[in-house]
Amino acid sequence: MGLFDKLAGWLGLKKKEVHVLCLGLDNSGKTTIINKLKPSNAQTQDIVPTIGFSIEKFKTSSLSFTVFDMSGQGRYRNLWEHYYKEGQAIIFVIDSSDKLRMVVAKEELDTLLTHPDIKHRRIPILFFANKMDLRDAVSSVKVSQLLSLENIKDKPWHICASDALKGEGLQEGVDWLQDQIQAMKT
Amino acid sequence: MAATSSSSSSSESNEANSKWLDAHYDPMANLYTFSSCIALADLHGDGEYKLVVGDLGMAGHTMRLKVYRGTGLASESTLLDLPAAVTTFLMDQNEPRTPAVAVASGPFIYVYKNLRPYFKFTLPPLDANPLEQDVWEQAKEDMIDPLTLKEMLEGIRDKAEIPLSVRSLRFLAQDVPEMENFVNLHKGQPIKRQTVITCMSTLKKNMADEDAVSCLVIGTESADVLILDPEAFTILAKMTLPSVPAFLDVMGQFDVEYRVTVACRDGSIYILRRESKRPKYCIELSAQPMGLVRVHKNIVAGCSDETLQGYTQKGKKLWTVYLPAPLMTMSLLDHKSRGFQAVMVGLANQEVHMYLDKNLVDVIRTQDVVTSICFGRYGREDNTLIMTSKGGGLIIKILKRTAVFEEKDMSLGPPVAQSIRLSVPKKTRLYVDQTLRERENAVAMHHVFQMDLYRLRLMAARAYVKALESSLAPITSTLQEPIKMNAVVQGIGPTFKLTLHIQNTSAGRPSINLLVSFLYDQSLYAMKRAFFKAPMLVPGLNYPIETFVECLSDKGISDVIKVFVLREGQSMPLLTAHINMPVSEGLAAA
């Protein structure tokens, strides 16, 4: 980092870059959440199922996020692990109205947490219990119970209920993530 | 409730290495059904697959068509009669591509679109027995009383080839006082003979795509197989079987080429093809069929004698697997993304076994006996296993993304090597002649063999006794003096060096006062000392005793030199060794 970059950093002109992985089952709302976090002029109207992955960027007050929005479809889930090394934080999205596939989400989370690239790193994980607006959605407490999040001892994690269509709950989560990343860097 | 109950279920011990995730278990779902009455389809065209179940209810009432979405019941509608089969199929090309639900019950097929009644198909009536018609005609004109009618109908029932109509059968089942009323009530209507549907399946019309229009294929109690047009519900093809179909499997496309495999109640499987009015192949099973599944191109039938049998599509038997318990139901596991197909078998011992060909690849233990199995896409998950149990429970399991079925057999049994085929050479003429001869003269050959064997044994015994009596063996037979001896001849002649190795093999007793004597032909050999005293033999040690033998003959002949080890004062040798002397070559050379 050159002197000018440092100076810019102190002055708050250039923001620190972080790489974030956005994971979760298909149809859980990953792309919708990322889309909603982008500035309103860059948002797209129609969200289609992601193929492979897509890279999105957005900025918060002090950080510049580069998000790897991974596809959640079963046949693309084996791509996830190739990006674990680069990720400095993880956003895990859960469809809280899909009670049937809660076990699948738990299985994928367990595989993620036991992966050698993740296991011994203290990286923050943000959970979005998405689709809270739906009638048959379960509460975020229930979701954390179903995924047995209380067993995650060595990583900071946070779960927040969200409704990605309206954008509710997203800012709370991203603020937490930003605090965690800054706490790690200093 | 259901999701938590599944996580606290008893099968947690082996959950870690299980290939399945317990997604949902509701023991109180009140679903009583069989594999034929269960189907998965994207009923609303929204990408979320629903479960359609024809619920048989309890004791023949409260029959319902239930639709499940996720873990909950989405809708239910009452059925008029017990469902025989439930299937989903696309009727037309219209968007959105929402499949219709067909429920076969009695002689009717009820077709639902958007879960609303849409069409009712009735099987064409069959010809009634003319004799029966005459009798009822007479009853109508009050020419005969109910008792005579009863006798005449019974006569027809016992003899006629065309069976009686349902009305006559019900009449015969009435008590005598009620017959009068029954006749008066029904005699006005003409006699109709109606058959019922026993099984139903679908057949793609002209495209092999997943979302192509399909025809309904039905099997009836009158031993016919009918193929119906998907839109007009006219009969496109009719085939007759020798027996009543119980299970159907259809592959191919109606307009191109298709193959209908039917397991019938006479314990046979018939294979029909396009343009064939009669079965092309017939497989006779060892017992009644309990289920029929097609894996790739092979047919797998489950039988009531607790076996699973595999056949080729031409009816050649491939294998038989013996099941540990009676078979309740069976279904196909089609893992499309891996191109993997296996047969799932629900057993009466509360287990579901998965067979890849004849190999058992996985076992699922369930809380209740499973009566129906369905594998496919449910909700948004591709590999979901849905089972209903005898007690009305609903079990939903999801195959793990990382699960791999190994092709090797996990059940104990004969090793794989046993089933490897050996390349046995062709039978030669000589071999055939020999076998024939052996087959004809088996007894005589056995006698000769036995005789020779006895002789051999006798000779061996005699020789042994003789050796023991004369102590000819190089090892002593007496226990007091266990001595071993061997002799080595060295040299090429005319002088040979003869080394005797004598060893006392007893545990702790030394041998003393032993003499060694040589017996030889004195015209041939000369020896410095033919008789000497052996040293004391300490147990375990090897005593080499060397002597020189000179050959006197130059004619190139040799003889045997006998060595005796004797005890002082006894003429009987303790042991004897025969040394075959080599021919003296030294003299000839000199």
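Which residues does A:Arg77 touch, not counting residues up to four places away in sequence? In this predicted model, A:Arg77 touches A:Leu25, A:Asp26, A:Gly72, A:Arg101, A:Val104 and A:Glu108 in chain A, together with B:Glu381 and B:Arg401 in chain B. The residue lies in the loop between β3 (63–70) and β4 of chain A. A:Arg77 counts as buried because its relative accessibility is 4%, and the cut-off for that class is under 20%.

The size of an interface is often given as the accessible area lost when the parts come together. On the side of chain A, A:Leu100, A:Val103 and A:Glu107 supply 40% of the area buried against chain B, more than any other three residues.

Rolling a probe the size of a water molecule over the atoms shows where empty space is left. The structure holds one cavity of 30 Å³ or more, and about 60 Å³ of space lies in the largest cavity. Strand β4 (89–95) and helix α3 of chain A each supply at least two of the lining residues, and β4 of chain A gives the most, with three residues. By class, five of the lining residues are nonpolar, one is polar and four are charged.

The largest nonpolar core has 45 residues, of which A:Leu23, A:Phe92, A:Phe127, B:Leu51 and B:Ile386 touch the most other members. Helix α3 (residues 102–113) of chain A gives the most to this core, with six residues. Apart from this core lies another, of 28 residues, among them B:Met485, B:Val516, B:Phe518 and B:Ala577. The surroundings of A:Phe127 can be followed residue by residue: beyond four places in sequence, A:Phe127 touches A:Phe92, A:Ile94, A:Leu109, A:Leu149, A:Ile152, A:Trp157, A:His158, A:Ile159 and A:Cys160.

The core members B:Leu51 and B:Ile386 are both contacts of B:Leu40. B:Leu40 has its place in strand β2 of chain B and is buried, with a relative accessible area of 17%. Leaving aside neighbours within four places in sequence, B:Leu40 is in contact with B:Tyr49, B:Lys50, B:Leu51, B:Thr88, B:Cys374, B:Phe375, B:Gly376, B:Arg377, B:Tyr378 and B:Ile386. B:Leu40 and B:Cys374 are 334 residues apart in sequence and 8.0 Å apart in space, C-alpha to C-alpha.

Two buried threonines, one from each chain, may be considered next. B:Thr388 lies in strand β27 (residues 381–389) of chain B, and its relative accessible area is 0%. Beyond four places in sequence, B:Thr388 touches B:Leu31, B:Thr33, B:Ile38, B:Val369, B:Val370, B:Thr371, B:Ser372, B:Gly393 and B:Leu394. In chain A, A:Thr66 is placed in strand β3 and is buried, with a relative accessible area of 5%. Leaving aside neighbours within four places in sequence, A:Thr66 is in contact with A:Glu17, A:Val18, A:His19, A:Val20, A:Ile55, A:Glu56 and A:Lys57.

Most residues other than glycine have a negative phi, and most peptide bonds are trans. B:Asn30 has a positive phi of about 60° although it is not a glycine. This residue is found in the loop between β1 (20–26) and β2 (38–41) of chain B and is partly exposed, with a relative accessible area of 40%. B:Phe233 likewise has a positive phi, of about 55°. B:Phe233 is found in the loop between β12 (224–228) and β13 (235–240) of chain B and is buried, with a relative accessible area of 6%.

Note on methods
Residues numbered from 1 in each chain as written. Chains lettered and ligands numbered in written order. Predicted model: local features only at pLDDT ≥ 70, side-chain atom pairs only at ≥ 80, totals over all residues. Heavy atoms only, no water. Core = buried A, V, L, I, M, F, W, Y, C linked by side-chain atoms within 4.5 Å. Buried < 20%, exposed > 50% of the residue type's maximum accessible area, 1.4 Å probe, protein only. Helix = DSSP H or I, 4+ residues; strand = E, 2+ residues; numbered from the N terminus. Contact = heavy atoms within 4.5 Å. 1 Å grid on protein atoms, 1.4 Å probe; cavity = no way out; pocket = protein on both sides within 12 Å on 5 of 7 lines; lining within 4 Å. Points joined across faces, edges and corners; volume = space filled by probe spheres on them. Nonpolar A, V, L, I, M, F, W, Y, C, P; charged D, E, K, R; others polar. Buried area = accessible area lost by both parts, 1.4 Å probe.
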